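The sequence and the structure are shown first, and the description follows.

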Amino acid sequence: MAEAEVGDEQRGEDPTVRELEETVASLTGNEAAVFLPSGTMCNIVALFVQCQPGDEVILHGDSHVGYSENAGPAVHSRVSLADVPGERGIFDGDAVRAAIQPVGRQKARSRLVMVENTNARGGGAVWSRAALADVCDAAAESGLATHMDGARLMNAAVATGEPCERLCKGFDSVFVDLSKGLGCPMGAVLAGSEGLVEEARWAKHLFGGALRQAGIVAAAGVHALRHHVDRLAEDHERAARLAGELAGVPGVSIAQPTIDTNIVLFDVGATALAPEVFVERALGHGVRFLHFHGSTMRAVTHLGIPDDGITRAIDAVRDVVRDH
Ligand SMILES: *Cc1c(COP(=O)(O)O)cnc(C)c1O
C-alpha cells in the first residue's frame, strides 16, 4: 500500500484502482467494474442505476439491504422492497414469479431481483449455481434486472469450488467486498457491463464517493485478490471447528443446520445468560461475539483469526458459561 502507484481516481487516472477494477471485472466475467468506498455504496449505486422511483426490488427478507442499510433504498432510489420467503436467505424462481407485481395503476413496478451470496443472516449460506440460474431465469422471463450482493462471493466460490465467473452468470451487476474475510481495511468493487459501470461512475460522483489517490487502498484489494482468496478455505475449516466445539458446551447449541463458510450462529438461551451479559463477559476474555437476535450470537472467522484464536474463543465460551 505504501508503494502503490497512484493518481487522481476521480479522473480515472489512478493505475492501481484501474488494476483492481480490471481484476474484479475479469474475475466476475464482466466487461467493467468500479471501485467504491464500501459494500453498502455498491448496493446503493446498483439499485440507483437500475431502478426508477416507484419501482420494486424483489429480495429475501434476510438481506443486508433490507435489515442493515438503513432506509437506503427508499431514500436514495425511492424504491420499495418485496420480501420473498426461503430457507437461510435462499429462494427459487417460483418465489420470484409469485412476487412480481401485475401491471396496473395500483401496483409498484417490479424491476430488479437481488440475491445475497453468501447470505450472512442465514449463517453464511451458499447459493448453488442451479439455484442462482433458476432465479435468473425467472427474472429474465419478465425482463427484470438482477443484482448480486457478493460481499462474501469469494467465500461462496471457495466453498462450492465453482469459478467466481460461473456464479455471476446471468447477473447484470455484482459486487465483492474487500473488507470482510479478504482482510482489506476498506472498499468494495461493483462489476457489470460497460454501460452499467459508466452509469455507476456517474452515481458514484453524485453520492460523493469519487476519490483521489485511492490506489493506496486499492493496492490492498489487488493483494487480497491475489493472495487471500484460496486461504478462505482455512476460515471455513476454523468456523467448522468452532461450531463443533461450541456444540459441546452445556447450554450452547448451533443455530444453523450446516456450517458452509465462515459464519457460525449459536444460541446461548439455555445457559440462562442474558445475551448482553454473554457478549460482555466474552469480551472480558478478549473475544468479541455479535449479539445477532434473540439469544443468537454470531461468530465470524477471517484473515485476522488464526487457529489459536479459535481455541481462545472456545475457552472463553466454556469459561463464561461455567462461571455463570
Ligand atoms: C458487510 C456487508 C455489506 C456492506 O458492506 P460494507 O463494506 O460494510 O458497507 C453488504 N452486504 C452484505 C451481505 C454484507 O455482509
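## The loop around N117

N117 is located in the loop that connects strand 4 (109-116) with helix 6 (129-141). The model is a predicted one. The relative accessible area of N117 is 0%, so this residue is buried. A polar atom of the N117 side chain lies 3.1 Å from the backbone nitrogen of W127. The peptide bond that leads from N117 to T118 is cis, with omega near 0 degrees. T118 also has its place in the loop between strand 4 and helix 6.

The ligand is surrounded by 14 residues, of which G39, T40, D149, D177 and K180 are the closest.

| Residue | Part of the residue | Distance to a ligand oxygen atom |
|---|---|---|
| G39 | backbone N or O atom | 2.8 Å |
| T40 | side-chain N or O atom | 2.7 Å |
| D177 | polar side-chain atom | 2.7 Å |

On its own, the ligand has 380 Å² of accessible area, and the protein covers 85% of it. Two elements, helix 2 and strand 6 (173-177), each give two or more residues to the shell around the ligand. Helix 2 supplies the largest share of this shell, with three residues. Sorted by class, the shell holds six charged, six polar and two nonpolar residues.

Helix 2 spans residues 39-50 and thus has twelve residues; the distance from its first C-alpha to its last is 17 Å, close to the expected 16 Å. Helix 2 is mostly covered, with nine of its twelve residues buried. Among these buried residues are G39, M41, C42, N43, I44 and V45. A46, L47 and Q50 of helix 2 are buried as well.

Helix 9 (residues 194-206) has 13 residues and reaches 18 Å between its first and last C-alpha atoms, close to the 18 Å expected. Which residues of helix 9 are buried? They are L196, V197, A200, A203 and K204. These residues lie on the same side of helix 9 because they cover an arc of only 115 degrees around the axis. An α-helix has 3.6 residues a turn, so residues three or four places apart point the same way. The exposed residues E198 and W202 are carried by the face of helix 9 that is turned away from its buried side.

## D94 in helix 5

D94 belongs to helix 5 (residues 93-99). Is D94 buried or exposed? Its relative accessible area is 52%, and exposed means over 50%, so D94 is exposed. The side chain of D94 makes a polar contact of 2.7 Å with the side chain of R97. The C-alpha atom of D94 is separated by 8.0 Å from that of V135, a residue 41 residues apart along the chain.

R88 is not a glycine, yet its phi is positive, at about 50 degrees. R88 is found in the loop between strand 3 (80-84) and helix 5. With a relative accessible area of 17%, R88 is buried, because buried means under 20%.

A272, likewise a residue other than glycine, has a positive phi near 65 degrees. The loop between strand 9 (263-267) and helix 12 (275-284) contains A272. A272 has a relative accessible area of 61% and is therefore exposed.

How values were computed
Residues numbered from 1 in each chain as written. Predicted model: local features only at pLDDT ≥ 70, side-chain atom pairs only at ≥ 80, totals over all residues. Heavy atoms only, no water. Helix = DSSP H or I, 4+ residues; strand = E, 2+ residues; numbered from the N terminus. Expected span 1.5 Å × (residues − 1). Buried < 20%, exposed > 50% of the residue type's maximum accessible area, 1.4 Å probe, protein only. Near = heavy atom within 4 Å. Polar contact = N/O pair within 3.5 Å; in protein donor to acceptor, adjacent residues only side chain to side chain. Areas by Shrake-Rupley, 256 points an atom, 1.4 Å probe, with all protein chains shown as cover. Nonpolar A, V, L, I, M, F, W, Y, C, P; charged D, E, K, R; others polar. Arc of directions from axis to C-beta.
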